[in-house]
Amino acid sequence: MMGATIRGNCPRRVLALAMVVAALLVIPGSTSADDRADFTTTYYFENRRGGLGGLQVIHPQFDVGVDIGEHVSLAAGYSADVVSGATSAVYSVDAVSTATEFDDVRHEGRLSLGFKGSRSSLIMSAGVGTERDYSSITVGASGTIDLPGRNTSLSLSYTHNFDEVCDRDNGMLGILERKPLTGVDPCEKENGLFGTDAFDIVGTRITTWRDIAIDTVQASLTQNLTPTTNVQVSLYGQVIDGFQSNPYRRVRVGGNEAQEASPDVRGRLALMVRANRYLRPLRSAVHAALRGYSDTWGVSSATVELAYSQYLGKSLIARFRSRYYQQTSATFFKDALLYQTESTAGSFFSGDRELAALRNILVGANLSLLSVAEDDRQVWGVFDKLQFNLKADILFLDEDVGDDQFLSSGQLLDVIVLQLGVLLSY
Amino acid sequence: MDWRSSSEPNFCSKSRPTRSAQGLLRSLMAASFLLALLIAAGCGRQAVRASEKEFLADQIMIFDHDGQEAVADEHVLSNREGSAGGRGTAGGGCGCN
């Protein structure tokens, strides 16, 4: 969420998580050949039209996993979003000129406990995420089973989120009278995680926390078709129940600038089919994926993705990727000009540009350097496999409505994503 | 222009069906059902022998082999698109984990 800088107690949580990770690393006798530690940092940079606004995100991730005996594994992870930039405060015809600067930090930690059998596995996981104006607790479980012959794998996963978002307390005001949250409004928490209402000195409630419950289920079937071809079919469903507007965003509706109003319930359904084919003479593989999506807000989308992986020598892998995405708009989303001149489409209105009819094209490349131990000799220290990844993606964004001021930057590149990762197995 | 009247929400509008993407979703569901039927019929069990899984075990054949990259990718795209989720499950069908 957008807002001011993070509260001062976050470093303590980071330290606590680091201690858990350290404890996992030093569990006596727990290491085996499958233990691993991965570290990846992603840098995201987005241009905005006229040089106004723009967004920069640094997203470090650290995960470590250890086996405890043959059938049990433990894993822990930490990631963060360090966000800075500027965004439009008001969804209106001249929104770009209303860009206001913000910065925020989001921390997320996760733990999982896994059980592995000869043909099946079960993982139970839990995670917490916190930022100034949002907190999230996630619990989940996933199971995988290989059918006889080990050519078919079935996976099923479920997660539930107990989320809370800080909002301005608008009491019983009508939807066109509601005021947005601002970066200086207090968003208080107990124990750094559970939101509590904030009051001014005369006892008037300033902010409150609104619940969001998210149930997510995914089922996948992975099938070997030939010695060089495999496919996967995944069905995904999600129900989000709770406050889903951006509490900071205003929409100009006629002469009003009200906090945006989104429906409280959103149901999502997606289906993906993807396949890999290994090309023996070239030591390469082609990858294809097709995804369809529909939700109860009226957003439907289609995604087509093609990629190609190529071994260069023994230890270098290059991957090239292209992806096309197109979606329809939510039924209540309108161009800013139409909100101002025609009013809303029903009882909801939003300035969320991701709810507009839009398309984007992604092209990218990835280079991986592999070093694998041979003849019982480690590749580096205690590690028997080392992999460095370097990745660059560029995104071209295009909005189908109005003057396209919210997505396309009007510059050569709209978004650049750079990623550097190190994967260690020991 | 009468801003007061134009600012009244229109509670009577109805949702528009989005036929092209929904049609694709139906086609995908039909294709998935067909694939599931083929597997249920037993063709999946004998598809590949254990001795033939060398290439399926190669990391470039494993879906989302780098889990962190997959998560970061989903993170970026879900914040720039209105349709999150449904990416799939990591792993391969080699049965050699």
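Which cysteines form a disulfide, and how far apart are their sulfur atoms? A:C166 and A:C187 form the disulfide, with their sulfur atoms 2.1 Å apart; the term covers a pair of cysteine sulfur atoms within 2.5 Å. The structure holds one disulfide over all chains. The torsion about the S-S bond of A:C166 and A:C187 is about -85°, so this disulfide is left-handed. A:C166 lies in strand β8 of chain A and A:C187 in the loop between β8 and β9, so the pair ties together parts that are 21 residues apart in sequence. Both A:C166 and A:C187 are buried (buried is under 20% relative accessible area, exposed over 50%, partly exposed in between, with a 1.4 Å probe and protein chains only).

This is a predicted model, in which local features need pLDDT of at least 70 and side-chain atom pairs count only at pLDDT 80 or more, while totals for chains, interfaces and linings use all residues. Residues are numbered from 1 along each chain as its sequence is written, chains are lettered from A in the order in which they are written, and side-chain values use heavy atoms, without hydrogens and water.

Strands and helices are DSSP runs numbered from the N terminus (helices H or I, at least four residues; strands E, at least two). An open sheet of three strands in chain A has the order β4-β14-β15, with mixed pairing; strands pair if DSSP finds at least two bridges between them.

| Edge strand | Residues |
|---|---|
| β4 (chain A) | 90-91 |
| β15 (chain A) | 256-259 |

Each edge strand has a single partner, so one side of each is left without a neighbour in the sheet. β4(A) and β14(A) (residues 250-253) run parallel and are joined by two bridges. A:Y91 has A:V251 as its bridge partner in β14(A).

A:Y91 and A:V251 are also among the residues with the most contacts inside the largest nonpolar core, which has 20 residues. Such a core is a set of buried Ala, Val, Leu, Ile, Met, Phe, Trp, Tyr and Cys residues joined through side-chain atoms within 4.5 Å. β14 and α2 (336-342) of chain A each supply at least two residues of this core. A second, separate core of 12 residues includes A:V57, A:F102, B:V76 and B:L77.

Chain B has three helices and zero strands. Of its 97 residues, 43% count as buried.
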